[in-house]
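Reader: I would like to learn how to read a model like this one, feature by feature. Could you walk me through it?

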Amino acid sequence: MSTRTALSLQNGAATLQDKVNDVLRLAQQLGASQAEANANFGTGFSVNVRLREVETLSHQRDQGLSITVWLGHRKGSASTSDLRPDAIEESVRKACALARYGAEDPASGLADVDRLAKSIPELSLYHPWAIDPAAAIDLATTCEAAALDFDPRVTNSEGASVSTSESLRVYGNSHGFRGSYPESDHSISCSVVAAEDGAMETDYEYAVARAAADLPSPAEIGAEAGRRTVARLGGTKLETCTAPVLFPARVARGLIGHLLSAISGGALYRKSSFLVDALGKPVFASRVTIDEQPHLLKALASAPFDNEGVATSERRLVDAGVLGGYLLGSYYARKLGMQSTGNSGGAHNLVVHSTGETFADLLKTMHRGLVIADLMGSGVNPVTGDYSRGASGFWVENGQIQHPVTEITIAGNLKDMFLGIQGIGTDVDRRGAVLTGSILLEQMAIGGS
Amino acid sequence: MNTVVAPETSLARVRSQVLDAAGIADHDLERALGALMRGTVDNADLYFQVSRQESWTLEDGIVKEGAHSIEQGVGVRAMAGEKTGFAYSDELLVPALLQASAAASAIVRQGQQGRVQAWEPRAGHRLYAPIDPLPTLTDDDKVALLQRIDSEVRALDPRVKQVVASLAAAHEVVLVCASDGAMAADVRPLVRFNISVIVEQGDKREQGYAGGGGRFGYEYFTPAQVLEYGREAVRQAVVNLDAVPAPSGEMVVVLGPGWPGVLLHEAIGHGLEGDFNRKGTSAFTGRIGERVASDLCTVVDDGTLPNRRGSLNVDDEGTPTRNTVLIENGILRGYLQDKMNARLMGTESTGNGRRQSFAHTPMPRMTNTYMLAGPHHPDEIIASVKKGVYARNFGGGQVDITSGKFVFSATEAYRIENGKLGAPIRDATLVGDGPTVLNRVSMVGNDLALDTGIGVCGKEGQSVPVGVGQPTLRIDGLTIGGTGGGDE
């Protein structure tokens, strides 16, 4: 099975290169002054086991081609999942036709030639998993069983899933750049329901990695899902108050995620960011330092080049609280009179430096306050930084978790929250583009009864 | 209201457009379904989809980009008991179809080939014209529409500093054929206009947003209609320039009509989807016939409203959509079902089997979910509140099906003091408990409104267009999360 998919990815590489070349040639023939094409191909499957029985087996196979052309500085785009020559030609023609209606915009165009990646570092992102659906079902069964057996109060399940996928991306542009690399992603997840006194709670645990060998055992993941779920039983509301709040690593990633949106080129240019003109200024407490490390081996957000072929490179984004850079692709970089930072398509591994405390240390430092289990809703205003979200979690007294709390809100302003960071844990969560430990905030408004 | 189409007409047209073009004949469909119907398989289906989308975006007063996309493929599914085997292909070709069928059928042990029923064309509703909306306006006119609204909006208020407007359309053609004999097609137009503005006053900046659309052509976006969206976006942004911090804690909340119906979608709708109730993971599980709301509340999910964004002639399993009563005078009446969950719960599909695309499996999903009008004048409702919050517009919401806890985020809200609207308040999240919140509804307005056609619902990673609506509601106690402290 794995040899077959690996083969098809390799064949895919050659085929996709050809398609990209076809697009660029055709665009030139149709009068485009610049063009770029992104082709992708992916394959994989996922299984879900619920209450110890297979529930779903789902095979995936995706392909797509997206095309951008410029007539001077007028831009048109098209994409297609149909990669037959006729469909590709129609898409290129459509992109050219659309470009004719675009307005002349001097900032619009390919990335500058001197910014393109000259070599493609091997980042160890492709580790096919030699597993067939039957073996994946066994893993999922083991995982769910560990959750169901964790505690008698675990009474129901949304199931455990195992999924594996491999994909290949080819990017080419009319500057002559061609880049391609394969990737793999494998994951195990489990979500169960616990009940007590007529009330139900649910929670989940998951793991995701480039290589299956780096995944924790299914039983560990299941037991953690069980532990998390049972811990939420018996939650009560809190009295409305103001208190310190501890974001465990998994939730803290989202907190830093709000930084990413606020320092992205489009938001800055449109001034729809609470961090407009913040470059070179303190936006975090001075204990906060954040690096971007695009070439971390096997990391989930590593990439040798960005969506425009621009080389990615390591840099310090926040130095002792001071914002040292933005996340820019070529277009908004030009609009802002700056240079692309290789972030067309997003951030590549933001590593938040720990201040050295364990999670238990942070609880002690907090002394009395709220630990978040889960946040809900989209209550973040990107323009003003106003932050207000639904929450559930645990109340802490004397540095010890006392009891679960639910149906509350936490509110503040991201500017104050970032400046009020008291500590960053050593318990780094590596399951996404932001790699951070738990984050302790000085105080937030908590809405309850 | 719902005339029935002679099924052959649209079906025949779609068949030729989707299948003939791909060289797929009837016997290929039979072979694919036959390959799926093995052993203990209860039902199997093939879902063909061809869709084209376009979008035009204006920023800085110029149309920066037009984008066009083509998506097509076939999803095949075999269901046995609670098991589902699924595979898809983005190649509409016979070998790909058969390969996907073989992969999907691997979910069940090999066995005797099951029976495929003779196809019977299913009559769907005729809720919208089976048109391709993309060419309903020339490309020149699309560009002109966006440019006009940009200058009109900037002229409305000198504080407007940024305008981003977009125009988008999708033409989706689907064909379902299932082993139970269902064969149905649907041609689904969908258009949308969005505008967001940034206003500046001194060092304050605020954003406002408006938009709308539905299942028709671009002609819906008349200059007056588009200007209306522009005015609304500017109005919301300007209101928030003067906003004060929201209070925090539990208080009386009055929700405005229309889009605030996102409350019902989160608090009630998701919890009544058949999959969660079949599995017993919803806070509403086993509560049919029980009181879950005050007797002022009647809530329906209606997929049969003409031209609405959330409406469908047939769902993605070929079942005609319905108007399903979820809560009647406060009593829980029904769940939303797709075929599989209906079969497992011993009932029938309510026409709510929906999927994002051929590459996703169907699930029970909402269509247009709203509460029927009640007896109270909206002014009377606000006048009844001594101290509280009036929430007129919302961003999104989210729910935890199992605990029943939900949130939704107000983007335009005001204090109510002694029965009168006071200062606008900053963005605040409202949090509540689905199975109990509607018991606290003490007044229901006579001003039922549906949203303007902007809803997108996400569930298990799949997005589908939906509608929501409600009249003005008074809720005697919701927790609001601001920074302005508790009210004494």
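This is a predicted model: local features need pLDDT of at least 70, side-chain atom pairs count only at pLDDT 80 or more; totals for chains, interfaces and linings use all residues.

Reader: What does the secondary structure of chain A come to, and how compact is the chain?

Author: Chain A holds nine helices and 17 strands. Its radius of gyration is 24 Å, close to the 22 Å that the globule rule gives for 449 residues, so chain A is as compact as a globular protein of that length. Along the principal axes, its C-alpha atoms fill a box of roughly 70 × 55 × 35 Å.

Reader: What share of the residues in chain A is buried?

Author: Buried residues account for 57% of the 449.

Reader: Let us turn to strands. How should I read the two faces of one?

Author: The general idea is that side chains in a regular strand alternate between the two faces of the sheet. Now take strand β3 (residues 74-80) of chain A. Arg74(A), Gly76(A), Ala78(A) and Thr80(A) point one way, while Lys75(A), Ser77(A) and Ser79(A) point the other way, and all are buried.

Reader: Why is β3(A) described as largely enclosed?

Author: The count tells you: seven of its seven residues are buried, so β3(A) is largely enclosed by the rest of the structure.

Reader: Which strands pair with β3(A), and in which sense, parallel or antiparallel?

Author: Within its own chain, β3(A) is joined by seven bridges to strand β2 (residues 53-71) of chain A, and the two run antiparallel. Leu71(A) stands opposite Arg74(A) there. The two strands form a hairpin with two residues between them, and Gly72(A) in the turn has a positive phi of about 65 degrees. Across the chain boundary, β3(A) pairs with β2(B) in the parallel sense over six bridges. To locate that pairing, find Ala78(A), whose bridge partner is His68(B), and Ser77(A), which stands opposite Ala67(B).

Reader: That brings us to the interface. How many residues take part, and which element of chain B gives the most?

Author: In chain B, 64 residues are in contact with 62 residues of chain A. Strand β2 (residues 62-80) of chain B gives the most to its side, with twelve residues. By class, that side has 19 nonpolar, 28 polar and 17 charged residues.

Reader: What does β2(B) pair with inside chain B?

Author: It pairs with β1(B) in the antiparallel sense over 17 bridges. One bridge links Glu59(B) with Ile62(B). β1(B) and β2(B) form a hairpin with two residues between them, where Asp60(B) in the turn has a positive phi of about 60 degrees. Strand β1 (residues 43-59) of chain B is mostly covered, with twelve of its 17 residues buried. β1(B) also pairs with strand β5 (residues 160-178) of chain B, antiparallel over 15 bridges; in that pairing Phe48(B) stands opposite Leu175(B).

Reader: And helices? How do I read a packed pair?

Author: An α-helix has 3.6 residues a turn, so residues three or four places apart point the same way. For a case here, look at helix α3 (residues 133-148) and helix α4 (residues 218-231) of chain A, whose axes come within 6 Å and cross at roughly 35 degrees. The crossing is right-handed. Among the residues making the contact are Leu139(A), Thr142(A) and Ala146(A) of α3(A), and Ile221(A), Gly222(A) and Ala225(A) of α4(A). By class, this contact has ten nonpolar, three polar and one charged residues.

Reader: Is helix α6 (residues 262-269) of chain B enclosed or open?

Author: Largely enclosed by the rest of the structure, because eight of its eight residues are buried. They include Val262(B), His265(B) and Glu266(B).

Terms used: Residues are numbered from 1 along each chain as its sequence is written. Chains are lettered from A and ligands numbered from 1 in the order in which they are written. Two residues are in contact if their C-beta atoms, placed from the backbone, lie within 7 Å. Helices (H or I, at least four residues) and strands (E, at least two) are DSSP runs, numbered from the N terminus. Ala, Val, Leu, Ile, Met, Phe, Trp, Tyr, Cys and Pro count as nonpolar, Asp, Glu, Lys and Arg as charged, and the others, Gly among them, as polar. Two strands pair if DSSP finds at least two bridges between them. Axes are lines fitted to C-alpha atoms, for helices over the stretch in contact, and angles run from 0 to 180 degrees between N-to-C directions. A crossing is left-handed if the near helix is turned anticlockwise from the far one by less than a right angle, and right-handed if clockwise. A residue is buried if 20 or more other C-beta atoms lie within 10 Å of its own, exposed if 12 or fewer, and partly exposed in between; C-beta atoms are placed from the backbone. The radius of gyration is taken over C-alpha atoms; the globule rule is 2.2 Å times the number of residues to the power 0.38.
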